[in-house]
Amino acid sequence: MIKIADAFQNKKAFIPFLTAGDPDIKTSLENYKAVAEAGADLIEIGIPFSDPIAEGPVIQEADIRALGSGTTTDDVFEMVKELRKTVRETPLVFMTYANPVYHYGLDEFFKKTAEAGVQGIIIPDIPYEEKAEFVEAANKYGVEFVSLIAPTSEERVKTIASEAQGFLYVVSSMGVTGTRTDGQFDSHLTDILAKIHETTDVPAAIGFGVSTPEQAATMASIADGVIVGSAMVKIVARYGKDAPAKLAEYVKSMKAAIDAE
C-alpha cells in the first residue's frame, strides 16, 4: 500500500504541483505521467476552483484555464484513476479548497479520493481549529490530512505539528504562491523546522516561492522536502500541449539539486 511517508524514505523529497485540467484533462494526464517518470517523489494534484485564495496569479490563471476547458471534480477523479494505471508507486495528494469538498459532500468526496488512489489532501483555507470534520471524513477512507504551517504560526507550530499527518507543508514566506526572484524567504524557517522536528517525526516540506535549483537545494538543507508549484505551472502556460517534455527536464534539474544537498 502506498503511503505519503514513502516519498521521504531515506531521501529529501521533490514535490511538484500542477493544476488538473490545465490546459485540458488529457494533457494534464500526460503532464503528471511525465513528472512522475522524471523523478517526482510525491505529486500534488490541484483540483481547479474559481476562488483559490492562497494562490498567486500564475495558479489562478491555471484554474481559469482548467475550468474553461470544462474540467470538473469528477473529471479529476477519473484522470487520477487513469494515472494510477502507469504511476503505481508515487504518492499523490490533492490540493483544493473547502468549498468544492463541501459542495461534493465530505463522505462521498473522500470515498472517491481513496478509490482514485490518492493518499492525502491539502485544504489551505481550513484553519487548524476547524479541521476536525474534514480530518474525520478523510481518515475514514485512509486519506491523510496535510496541515500547513505559516511564518505567522510560530506560537502554534508545536500544536499543529503534534497532530500532523502525512507531511507538514511549511509556507516559506508571507503572501500567496508565486516564484520569488529576490530570494526573500522568511528568516525564521530554520527555527520553525527545528520546532517541528522536536515535536514530530512526520516530515516537513517547504513550499511557496521556490523555483530554481539553487533555492531548492537551500530549502532541502533544512527541510525534508521541497514543493514547487508556480514554476511548474508557468511551463504549462508557456508550452501548452507540448509541456510534458519540458516539465520532465525541469523536474530532473530540481531533483538533482535536492539529491546533491
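Two strands count as paired here if DSSP finds at least two bridges between them, and strands themselves are DSSP runs (E, at least two residues), numbered from the N terminus like the helices (H or I, at least four). The model you are looking at is predicted, so local features need pLDDT of at least 70 and side-chain atom pairs pLDDT 80 or more, while totals for chains, interfaces and linings use all residues. Residues are numbered from 1 along each chain as its sequence is written, and side-chain values use heavy atoms, leaving out hydrogens and water.

Let's start with the whole chain. It has eleven helices and nine strands. A compact globule of 261 residues would have a radius of gyration near 18 Å, and the chain agrees with its 17 Å; the radius is taken over C-alpha atoms, and the globule rule is 2.2 Å times the number of residues to the power 0.38. Buried residues, meaning those under 20% relative accessible area (1.4 Å probe, protein chains only), make up 57% of the 261.

Now to strand S1, residues 13-19, where seven of seven residues are buried. In a regular strand the side chains alternate between the two faces of the sheet. In S1 both faces are covered: Ala13, Ile15, Phe17 and Thr19 lie on one side, with Phe14, Pro16 and Leu18 on the other.

| Partner strand | Bridges with S1 | A bridge pair |
|---|---|---|
| S9 (residues 225-228) | four, parallel | proline 16 with valine 228 |
| S2 (residues 43-46) | three, parallel | phenylalanine 17 with glutamate 44 |

Terms used:
Buried < 20%, exposed > 50% of the residue type's maximum accessible area, 1.4 Å probe, protein only.
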